[in-house]
Amino acid sequence: MSVAKLSVSHQNYLRAIWILGEWSAEPVTTSAVAQKVGLRLSTVSDALKKLTEQGLVAHSPYGAIELTEQGRALAVEMARRHRLIETFLVEMLGYRWDQVHEEAEHLEHAVSDFMVDRLDDLLGHPDRDPHGDPIPARDGSIASPDAVSLSTVADGARVRVERISDRDSELLRFFAEHGIGVGVPLAIYSGGPYSGSVQAVLDDGARSVALGQTATDAVWVSLAGAGS
């Protein structure tokens, strides 16, 4: 089955389910999907029943939601479309990284498989989008970075930013204003007792910025070789 055979809403559901499990080991629930797609629980439950009947989702009442092999393949194709479009908008059309998510949300449903492959060729087959999310290859394979949440990093760690969630455009602008982006090395220090924050030090100590948990939860980093 091609993604073109799916309705726009079913495309959105499959990609949402896959994305919810991409950076988290937590079971994907109906409420999590509803929050991700911005719809009521009853609406999402009805849609999941239809996707289950189509053999794209495995889901029992009150249980975790899992994609079948075919469902996962379609979800990965939607992620590939979305992330290639985001990359094209930034690299070729001069969009900022905080502007591309909503545009890609609309465009991903309109482009053909042929156009997606042409974008991939034009961009030189990138493996990461502007936010650091891996772009699935044409065959569906994915090269994900070995990364952990910044919220879990120990005091004094030296890290390299690998991925920043694109969910909050204002937070992306905050990171950009403070020079924090994909590939940037950071030294992380505790913000002090009861502060609820860490100090992220950039440019070998020349700058630092306080990050609360909302910010650190949005950032994934690698430890090995950071700061070199």
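Visitor: In which strand is Glu162 found, and how is a strand assigned here?

Guide: Strands are DSSP runs of E with at least two residues, helices are runs of H or I with at least four residues, and both are numbered from the N terminus. Glu162 is found in strand S4, which covers residues 158-164. This is a predicted model, in which local features need pLDDT of at least 70 and side-chain atom pairs count only at pLDDT 80 or more, while totals for chains, interfaces and linings use all residues. Residues are numbered from 1 along each chain as its sequence is written, and side-chain values use heavy atoms, with hydrogens and water left out.

Visitor: Is Glu162 buried or exposed, and which residues does Glu162 touch?

Guide: Buried means under 20% relative accessible area, exposed means over 50%, and partly exposed lies in between, with a 1.4 Å probe and protein chains only. Glu162 has a relative accessible area of 7% and is therefore buried. Contact means heavy atoms within 4.5 Å, and, not counting residues up to four places away in sequence, Glu162 touches Arg128, His131, Gly132, Pro145, Ala147, Val182, Trp220, Val221 and Ser222.

Visitor: Where does Arg80 lie, and is Arg80 buried or exposed?

Guide: Arg80 lies in helix H4, residues 69-93, and counts as buried because its relative accessibility is 2%. Setting aside residues up to four places away in sequence, Arg80 touches Val116, Asp117, Asp120, Ile135, Pro136, Ala137 and Arg138.

Visitor: Which backbone oxygen lies 3.2 Å from a polar atom of the Arg80 side chain?

Guide: A polar contact is a pair of N or O atoms within 3.5 Å; within protein, one must be able to donate a hydrogen and the other to accept it, and residues adjacent in sequence count only if both atoms are side-chain atoms. For Arg80, the backbone oxygen in question belongs to Pro136.

Visitor: Where is Arg96 placed, and with which side chain does Arg96 make a polar contact?

Guide: Arg96 sits in the loop between H4 and helix H5 (100-107), and its relative accessible area of 43% makes Arg96 partly exposed. The side chain of Arg96 makes a polar contact with that of Asp98 at 3.0 Å, and, leaving aside neighbours within four places in sequence, Arg96 is in contact with Val90 and Arg173.

Visitor: What does Arg173 contact in turn, and in which helix does Arg173 lie?

Guide: Arg173 lies in helix H7, residues 169-177, and is partly exposed, with a relative accessible area of 31%. Apart from neighbours within four places in sequence, Arg173 is in contact with Arg96 and Asp98.

Visitor: Where is Ser141, and what does its side chain contact?

Guide: Ser141 is placed in the loop between H6 and S3, and at 38% relative accessibility Ser141 counts as partly exposed. Its side chain makes a polar contact with the side chain of Asp139 at 2.6 Å. The C-alpha atoms of Ser141 and Val76 are 65 residues apart along the chain and separated by 8.9 Å.

Visitor: How far apart in space are Gly212 and Gly191?

Guide: Their C-alpha atoms are 9.1 Å apart in space, and the two residues are 21 residues apart in sequence. Gly212 lies in strand S7 (residues 207-212), and touches Gly196 and Ser197 when residues up to four places away in sequence are not counted.

Visitor: How many helices and strands does the protein chain have, and why can the chain be called as compact as a globular protein of its length?

Guide: The protein chain has eight helices and eight strands. The radius of gyration is taken over C-alpha atoms, and the globule rule is 2.2 Å times the number of residues to the power 0.38. The chain has a radius of gyration of 19 Å, close to the 17 Å that the rule gives for 228 residues, so the chain is as compact as a globular protein of that length. Buried residues make up 42% of the 228 residues, and residues 24 or more positions apart account for 62% of the contacts with a separation of 6 or more.
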